[in-house]
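Student: Please take me through one part of this model in detail, starting from the whole chain and then staying with a single residue and its surroundings.

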Amino acid sequence: MDSRPGVPQDRCDCFGQGRVSPPGAMTYFHTEIQDTSAPGWLRLLELIEEAVADGREEFRPLPELSPEERRQIVTLPPSIGRLTAVRTLVLYGSNLVRIPPEIGDMTNLEGFSPYTSRRLHWFPYEITRCGRLVNSTVSTRSIYGNYKYRPPFPQLLPPGDTAADLDGPAPARWDTTAARTCSVCTGPISATGPHQAWLSRAVATDVLPLLVNACSQACLDALPPGAKGYIPAPHRGGAIEQPPPR
């Protein structure tokens, strides 16, 4: 945690973002949980409602927040899925650690820029539903499996044996804000939790590490192959061999 006043981002030590990851290195999910009573969160909800009401085509919320309010935002609310008129989403320099699957409902999204959001290491598979998305600006050295440094992916676990809290999964276990709908077929997730996998795919102008929350192994088996030069099939991360860095 960075305690300097006026700093909108916390430090991230998940992996070296300027060097090749050493053999045997491990990574883990960020465990921060969004404070839904924080002024920054409440203001973000208001900004989304304003954008829905006026039908704007660009949504750039962070300049409307103070540095401390920006720092309070570690995810986006599910209501971003209502921004169906938005063509450009700008999250430059955010403190985000995750983005909810509802981004896939932004059906007119053409440009996505979370550049210098250095704690944002992965994206939901649902972003592939944004069929018009053609431009992206991502700090690629900050994402899992990037071609420059190949930082490892966190180890994913199989579904549990007991019922999970699908509306508020533990981030250290699932790192998702909710897990009720399959990333692949949109069907319901079992009460014991999702079948998870990593898949690196080209999204707009970047290859992104995508977290899949599926309802079954069959849906995982139906996923497309990974991008060329990356792990070719869906995987659970951890001690899995990646192609050498380029």
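Tutor: When charges are counted here, Lys and Arg are positive and Asp and Glu negative, while His and the chain ends are left out, and each charge is placed at NZ of Lys, CZ of Arg, CG of Asp or CD of Glu. On that basis the chain carries 24 positive and 25 negative side chains, with the centres of the two sets 8 Å apart. This is a predicted model, in which local features need pLDDT of at least 70 and side-chain atom pairs pLDDT 80 or more, whereas totals for chains, interfaces and linings use all residues. Residues are numbered from 1 along each chain as its sequence is written, and side-chain values use heavy atoms, without hydrogens and water.

The chain contains three helices and seven strands (DSSP runs numbered from the N terminus, with H or I for at least four residues as helices and E for at least two as strands). Its C-alpha trace spans about 45 × 40 × 35 Å along the principal axes. Among contacts between residues at least 6 apart in sequence, 62% join residues at least 24 apart, where contact means heavy atoms within 4.5 Å. Of the 246 residues, 50% count as buried (under 20% relative accessible area, with exposed over 50% and partly exposed in between, using a 1.4 Å probe and protein chains only).

H235 counts as buried because its relative accessibility is 7%. If residues up to four places away in sequence are set aside, H235 touches F153, L156, A197, W198 and I240. A polar atom of the H235 side chain also lies 3.0 Å from the backbone nitrogen of G237.

For a contrast, consider T137, which sits in the loop between β5 (135-136) and β6 (195-203). With a relative accessibility of 37%, T137 is therefore classed as partly exposed. Once neighbours within four places in sequence are left aside, T137 is in contact with F112, S113, P114, Y115 and D206. Y125, by comparison, is 12 residues from T137 in sequence, and their C-alpha atoms are 17 Å apart in space. Taken together, H235 is buried, whereas T137 is partly exposed.

Terms used:
A polar contact is a pair of N or O atoms within 3.5 Å; within protein, one must be able to donate a hydrogen and the other to accept it, and residues adjacent in sequence count only if both atoms are side-chain atoms.
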